[in-house]
Amino acid sequence: MAEQISAGLPPVSIRVSDDAHAVLAAQHGRALAARLGFSVVEQTACSTAILEIARNIVKYAGAGEVTFQAVEDGEQVGIVVVACDNGPGIADVNLALQDGYSTGGGLGLGLPGARRLMDSFQIVSRPGQGTTVVMQKWRSAAPVREHASSSRGRP
Ligand SMILES: Nc1ncnc2c1ncn2[C@@H]1O[C@H](COP(=O)(O)OP(=O)(O)O)[C@@H](O)[C@H]1O
Ligand SMILES: [Mg+2]
């Protein structure tokens, strides 16, 4: 990611310590994706992945932070989301990424689902120190203009 530069928007961090904050983080991710011209499907992918990761912070670590950064690389425009906490960490990241694995009585689909929805997905975790999830999604094609329906009727 070294060659990427900010797409002119400053990074934004949202502190997450309950599920309402997780929803706010997901909404912020959707809004940023929309602003960058992501399709509605791509916006939904971003917000769904962010909601899962942010809810994991609340459930397993109690609190943490989700940071959003718009990036560009040549013609490409994307979103990088970094979610970090100082919680208990994940002992076996590969296990945690398997469908159906949960230590919390959940469905165990949050991490693997988020990984599938994004273009890149990394977890760095140390037991007792915390967890950082870094995930990225590129806009797939030409930018989709927000409120495209308002152009109806124009020549
Ligand atoms: N931020 C985190 N801190 C500690 N453990 C986590 C964190 N996020 C996920 N995990 C671990 O990874 C497992 C899988 O997470 P996930 O796929 O979201 O499923 P679920 O939330 O349904 O358990 C969790 O059960 C938990 O053990
Ligand atoms: Mg989860």
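Predicted model: local features only at pLDDT ≥ 70, side-chain atom pairs only at ≥ 80, totals over all residues.
Residues are numbered from 1 along each chain as its sequence is written, and chains are lettered from A and ligands numbered from 1 in the order in which they are written.

**The helix itself**

- H1 covers residues 19–35, 17 residues in total, and spans 24 Å from its first C-alpha to its last, close to the 24 Å expected at 1.5 Å a residue, the expectation being 1.5 Å times one less than the number of residues.
- Helices (H or I, at least four residues) and strands (E, at least two) are DSSP runs, numbered from the N terminus.
- After H1 comes Gly37, which has a positive phi, near 90°.

**Packing against H2**

- The axes of H1 and H2 come within 8 Å and cross at roughly 155°, which makes H1 roughly antiparallel to H2, a label given to angles over 145 degrees.
- Among the H1 residues that meet H2 are Ala22, Ala26 and Ala33, and the H2 residues in this meeting include Cys46, Ile50 and Ala54, contact being counted when C-beta atoms, placed from the backbone, lie within 7 Å.

**The nonpolar core**

- The largest nonpolar core has 31 residues, and those with the most contacts inside it are Ala25, Ala49, Ile50, Ile53, Ala54, Val66 and Ile79; such a core is a set of buried Ala, Val, Leu, Ile, Met, Phe, Trp, Tyr and Cys residues joined through C-beta atoms within 7 Å.
- H2 gives the most to this core, with eight residues.
- Ile79, leaving aside its neighbours within four places in sequence, is in contact with residues including Gly29, Leu32, Ala33 and Phe68.

**Val80 in strand S4**

- Val80 is found in strand S4, and counts as partly exposed because it has 19 C-beta neighbours inside 10 Å.
- Not counting residues up to four places away in sequence, Val80 touches Gln69, Val71, Val134 and Gln136.
- The C-alpha atoms of Val80 and Gly29 are 9.6 Å apart, although 51 residues separate the two along the chain.

How values were computed
Buried ≥ 20, exposed ≤ 12 C-beta atoms within 10 Å, placed from the backbone. Contact = placed C-beta atoms within 7 Å. Axes fitted to C-alpha atoms, helices over the stretch in contact; angles between N-to-C directions. Parallel < 35°, antiparallel > 145°, perpendicular 65-115°, else oblique.
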